[in-house]
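Thank you for making time this morning. I would like to walk you through one structure, so please have a look at it before I go on.

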Amino acid sequence: MALGMLVESEDEPGRLVPVNPRLAEARLGVTWRTAALQLLEQAGDLSEALAPLISEFQESTAPIKDSDPLVHLRGKALISACVDDAVSRCTRELITAQPGGGRPATTLSAVSASVRAALFRGVSVRTLYQHTAWHAGPTRDFVEEMTRLGARVRTLDEFFERLIIVDRRTAFLPASPDRSTAVMVQDPAVVGFLADVFDRNWQRATEFTGRRTPERSVEITGQLQQQIVRGLIGGESDAAIAKRIGLSQRSYASHLARMKEELGVDTRFQLGYTLAKSGAA
């Protein structure tokens, strides 16, 4: 009824009858197109309308300014808006580190347009994932599309926290475990240091185009198991190891069970002891 596809019968009050969907389509199409045009006009007028306020704010002694070397951002909506704005103004280089394995399809869909636009502007785009991204279908599809457009992607067995650097001038770092707060860094020395850390890890990373072969899958799985072995021998908890290498608890448990079976042991303690005794680290 809200869409106008059902109306009350003129002959039988209280009874609903269907409306020709083509009529509903035509009516809704006109309504929505009109609303869209109005929104576009409002968006076009927004910069002009806010210009006096922007000027006033920049001239004031407000505690947070564009030139501040360190700005704390609170709330995921604000963080996304600031990142999107910086990426939209990127002209030379965009580098990102995305730990945790594969990313949700909804997230990839949301960032696809901005990454594609940056590539079309001639921006160099490099991204680091963890090896577990090789086993995530949506992420592989996304990477295959972006690399076809010119992006470069590599993976590591483990990595530091999420990182976004725009034109080596602005960096974004999470400031809380749930990533509901972040820090926008514009200090040249700090941004330069973060970019250097990224470059060093990039050099030792494995190229990832979204496609995988059986041989490469075996190689990646082997490297993941090596990280698990190091964690076990180091006395880390299962949750800590899984988080560090970007595996879900379920996937981690599967790897652990497979390793126990291969070595003929029953418990986690026996596994760690057997690995350490054999010098597997």
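This is a predicted model: local features need pLDDT of at least 70, side-chain atom pairs count only at pLDDT 80 or more; totals for chains, interfaces and linings use all residues.

Let me begin with the aromatic side chains, where the structure holds 1 aromatic pair. The partners are F198 and W202, whose ring centres are 5.9 Å apart and whose planes lie at 20°, and because planes under 30 degrees apart count as stacked, the pair is a stacked one. Both residues belong to helix α5, which covers residues 188–203, and they are 4 residues apart, about one turn of that helix.

I turn now to the helix contacts, starting with helix α3, residues 105–120, and helix α4, residues 137–148, whose axes come within 11 Å and cross at roughly 10°. With that crossing angle, α3 is roughly parallel to α4. On the α3 side the residues that take part are A105, L108, V111, S112, V115, R116 and L119, and they meet P138, T139, F142, E145 and M146 of α4. Sorted by class, this contact has 8 nonpolar, 2 polar and 2 charged residues.

How do the axes of helix α7 and helix α8 cross? Helix α7, residues 238–245, and helix α8, residues 249–263, have axes that come within 10 Å and cross at roughly 105°, and as angles of 65 to 115 degrees count as roughly perpendicular, α7 is roughly perpendicular to α8. Here D238, A239, I241 and A242 of α7 make the contact with Q249, Y252 and L256 of α8. By class, the contact of α7 with α8 has 5 nonpolar, 1 polar and 1 charged residues.

R168, in the loop between β7 (163–166) and β8 (170–174), has a phi near 55°, which is a positive value in a residue other than glycine. The side of the story that concerns solvent is that R168, at 34% relative accessibility, counts as partly exposed. R179 lies in the loop between β8 and β9 (181–185), and although R179 is not a glycine, its phi is positive too, at about 60°. With a relative accessibility of 28%, R179 counts as partly exposed.

A86, found in helix α2, residues 76–88, is buried, with a relative accessible area of 10%. A86 and L173 are 87 residues apart in sequence, and their C-alpha atoms are 14 Å apart in space. Which residues is A86 in contact with, once its neighbours within four places in sequence are left aside? They are V166 and F172. K277, which is found in helix α9, residues 268–278, counts as exposed, at 66% relative accessibility. The C-alpha atoms of K277 and S109 are separated by 47 Å, and these two residues are 168 residues apart along the chain.

Technical notes: Residues are numbered from 1 along each chain as its sequence is written. Side-chain values use heavy atoms; hydrogens and water are left out. Rings of Phe, Tyr and Trp (its six-membered ring) pair if their centres lie within 6.5 Å; planes under 30 degrees apart count as stacked, over 60 as edge-to-face and the rest as tilted. Helices (H or I, at least four residues) and strands (E, at least two) are DSSP runs, numbered from the N terminus. Axes are lines fitted to C-alpha atoms, for helices over the stretch in contact, and angles run from 0 to 180 degrees between N-to-C directions. Angles under 35 degrees count as roughly parallel, over 145 as roughly antiparallel, 65 to 115 as roughly perpendicular and the rest as oblique. Contact means heavy atoms within 4.5 Å. Ala, Val, Leu, Ile, Met, Phe, Trp, Tyr, Cys and Pro count as nonpolar, Asp, Glu, Lys and Arg as charged, and the others, Gly among them, as polar. Buried means under 20% relative accessible area, exposed over 50%, partly exposed in between (1.4 Å probe, protein chains only).
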